[in-house]
Amino acid sequence: MAKAFFRLQKFLRRTQFLLFFLTAAYLMAGSLLLLQRTRLVIQQGSRGTSANQALPVPDEITGVGIADPRTLENPRPGPRLLVGMDAPQEPALDQRHSPRWLVSRNSELRQLRRRWFHRFISDQEPMQTAGFKVMKHAAEHRGTYMGCFTDDSRERTLKGAVFYDLRKMTVAHCQEACAERAYTYAGLAYGAECYCGNTLPATASKPEECNSECKGEKGSVCGGVNRLSVYRVEELRAGAKRRRNVIYRGCFRAPENLTDTFPASLIQPNLTVETCSEFCSKKEFPLAVIRGQECYCGYPTERFSLRDGADGLHCSGTRNTSSAAEGKYCLVYQTPVQDTRCTDRKFLTTKSKVFVALSSFPGAGNTWARHLIEHATGYYTGSYYFDGALYNKGFKGEKDHWRSRRTICVKTHESGKTEIEMFDSAILLIRNPYKSLMAEFNRKYAGHLGYATDRNWKSKEWPDFVNSYASWWASHVLDWLKYGKRLLVVHYEDLKQSLIPKLKEMVEFLNVTVTEDRLLCVENNRDGNFKRSGAKQKDFEPFTQEMKNLINRYILTVDEALRGRNFTGLPREYVPR
C-alpha cells in the first residue's frame, strides 16, 4: 500500500512540474506574440501624417462625405481565425494550394484581428467647464464663428452635406469641405461630425454647451452632444475653385413642364453655367439645368431621371433663345451640393427576424455594396469584423455587435459550413478574380484608397499572394453555394453597369420597400467614400502565365458550380477564351 502511494506521489510531482513548464512556455509565447503585434501597430501608425494638415477634396468625389486618405493608413482587419472550417473539397480545385492559403490566411488574421479597437476607443465624455476655458475658436480658422446652436437630428438645418472623421476631425477640415461644396455654413458636433448648409440653425444654445474637443485638434471646440459649433465660411468660398466641382452630366430632353418638375428657377439674360450653378448651390440642389436663358434647380426624379441622354448636338443651341430644338432639350450640370434625400440612416428599431449576410471575397466591392444598401434602405449594415477606417467614415454598424440583429445585413468574408449556416440568407457578391486580387493587394499594402508600389508587385509577396488567395476566391463561392440556405447572387460588374435594377433586387431580397426617388438619390451618390481615384496604370503585366492558368481553372470551376445551382454563370469577361 505504501509503495503504491509513493508511486502516486511521484507521478503527481512530475505532473505538477510538467504543468508548470507548459504554463511558463505558454506565457512566454503569448508575450512574444504581443510584442510582435505591438511592433506591427507602431510601424503602421508611423505612416500617418500631421493631424493639422489641410484636408484635400478630390475632384472626383461627388458622393457622400469626404475621403481622407490619412485616416486609412491601416488596412482593415482580415477575416477572423476560422474555427472548424472545412478545407475545400471540390475536386476541380488544386489541392496543392488549399492548405497553403488557409495557413497564410489564418496567420494574417491573428496579426490584424481587432487591431483598430484599442487605438480607436477614446473618451467621449464632455469636458468640464474648467477645461472649456482653455479651448479656442482659433484665429487661424478663417471662417467666422457664429456660435453654439441646438442640433435636432430629426429636423437638421445644416443637412446639405454630412461626413464623419472620428479620429482626425478639425475645424479647418470641416470648413474647407463645406467651402469646396459651395456652402455658407459649417457646423461641427460630437467632436467628429461635420455638417454643411446655407441657413443658420434656428435655436442658439449657451456657449459652454459646445464642449466637445475636436478629435484631431486639441484645444479646439467641435460642438457637443446635440450641439453644433457653427462657422461662416463665405470668406473661404471666394478663394475656392467652385467650377472644379461642377460636373457636366449631359444633354437631355426637357420635361414637358419644367416649373412643376424643378422646385427653383431663375431667368437671366446672358446666363452662364457658373451663374446657374451658384444659384442652385445656394438653394441646396444637386442639379443645375439650363435651357436658353432659363436656369432650373432640383433633383433626379422619375420625371427627370437622367437615364436616357440625348445627342449633344441637340443642345448646341440651348444657350440661345432661338434654339434649333425649340427648347426641347436642356443642359444638365451636377453642382457641388450633395443629394441628401438618401443620407439619413439608423439602426433597426426592432431586431431582425432574418439574419442576412452580405458575403464576398475581399476586394470584391463589399464596402461599396454596403454604401449602396445603407443609402437605399436607410438602415446601417453590420460587420463580422471591426474596421476603424470604415467606422470613422460613417459606417456606424461597424461598432455594433455583428449578432445584434440591429442592422439590415452583416458583412462577412467567411466561408465554411459553420460560419455560413449561422445566417438565414445571404447576398453573395462576386467579382472578377483578377480585379479582386489586385484590389485586395492594393488594400493590404496601401489602405482603402491607395495603391501598392511597383516594388510590392515585383516582389515574391505578389506570387505568394496569388497562390494563396486565388483558391480562396473559388472556395468562398463554392462553400456559399453548398451551405447557403437562401442566396441572391450579385455580380459586381452587373451592379456597376445596371445600378438601379440590381439594387432593386437587393433591396427586395432584404424585404425593404423604397421609393424610386430614393434609388435615384443613391445613383446620384453612387461612389461613396472608398472609391480609388482612377486606375493607376502599371507598365507591366502583374499576372504571369502560370498565375493565369491557375486563376482560369478556378473561374471555370465556379462558373460550372453556379450553373449547376441554376444561377446565372459568371459574366463573359471572367471566362477565359
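**Exercise 1.** Determine the handedness of the disulfide of Cys-214 and Cys-222.

*Solution.* 
Step 1: check the bond. The sulfur atoms of Cys-214 and Cys-222 are 1.9 Å apart. A disulfide here is a pair of cysteine sulfur atoms within 2.5 Å.
Step 2: read the torsion. About the S-S bond of Cys-214 and Cys-222 it is about 90°, so the disulfide is right-handed.
Step 3: check burial (buried is under 20% relative accessible area, exposed over 50%, partly exposed in between, with a 1.4 Å probe and protein chains only). Cys-214 is buried at 3% relative accessibility. Cys-222 is buried at 0%.

The model is predicted: local features need pLDDT of at least 70, side-chain atom pairs count only at pLDDT 80 or more, and totals for chains, interfaces and linings use all residues. Residues are numbered from 1 along each chain as its sequence is written, and side-chain values use heavy atoms, with hydrogens and water left out.

**Exercise 2.** Find which parts of the chain the disulfide of Cys-251 and Cys-315 ties together.

*Solution.* 
Step 1: the sulfur atoms of Cys-251 and Cys-315 lie 1.8 Å apart. The torsion is 85° about the S-S bond, and the link is right-handed.
Step 2: Cys-251 sits in strand S8 (residues 247–253), and Cys-315 in the loop between strand S11 (294–298) and strand S12 (329–334), so the pair joins parts 64 residues apart in sequence. Strands (E, at least two residues) and helices (H or I, at least four) are DSSP runs, numbered from the N terminus.
Step 3: Cys-251 is buried at 3%, and Cys-315 is buried at 5%.
Step 4: Cys-330 is in no disulfide; its nearest cysteine sulfur, that of Cys-315, is 6.5 Å away. Cys-330 is buried at 0% relative accessibility.

**Exercise 3.** Describe how helix H14 and helix H18 cross.

*Solution.* 
Step 1: the axes of H14 (residues 461–483) and H18 (residues 545–564) come within 10 Å and cross at roughly 5°. Axes are lines fitted to C-alpha atoms, for helices over the stretch in contact; angles run from 0 to 180 degrees between N-to-C directions.
Step 2: H14 and H18 are therefore roughly parallel (under 35 degrees; over 145 is roughly antiparallel, 65 to 115 roughly perpendicular, the rest oblique).
Step 3: list contacts, meaning heavy atoms within 4.5 Å. Residues including Trp-462, Val-466 and Leu-481 in H14 meet residues including Met-547, Tyr-554 and Leu-562 in H18.
Step 4: the contact residues divide into 17 nonpolar, three polar and no charged. Ala, Val, Leu, Ile, Met, Phe, Trp, Tyr, Cys and Pro count as nonpolar, Asp, Glu, Lys and Arg as charged, and the others, Gly among them, as polar.
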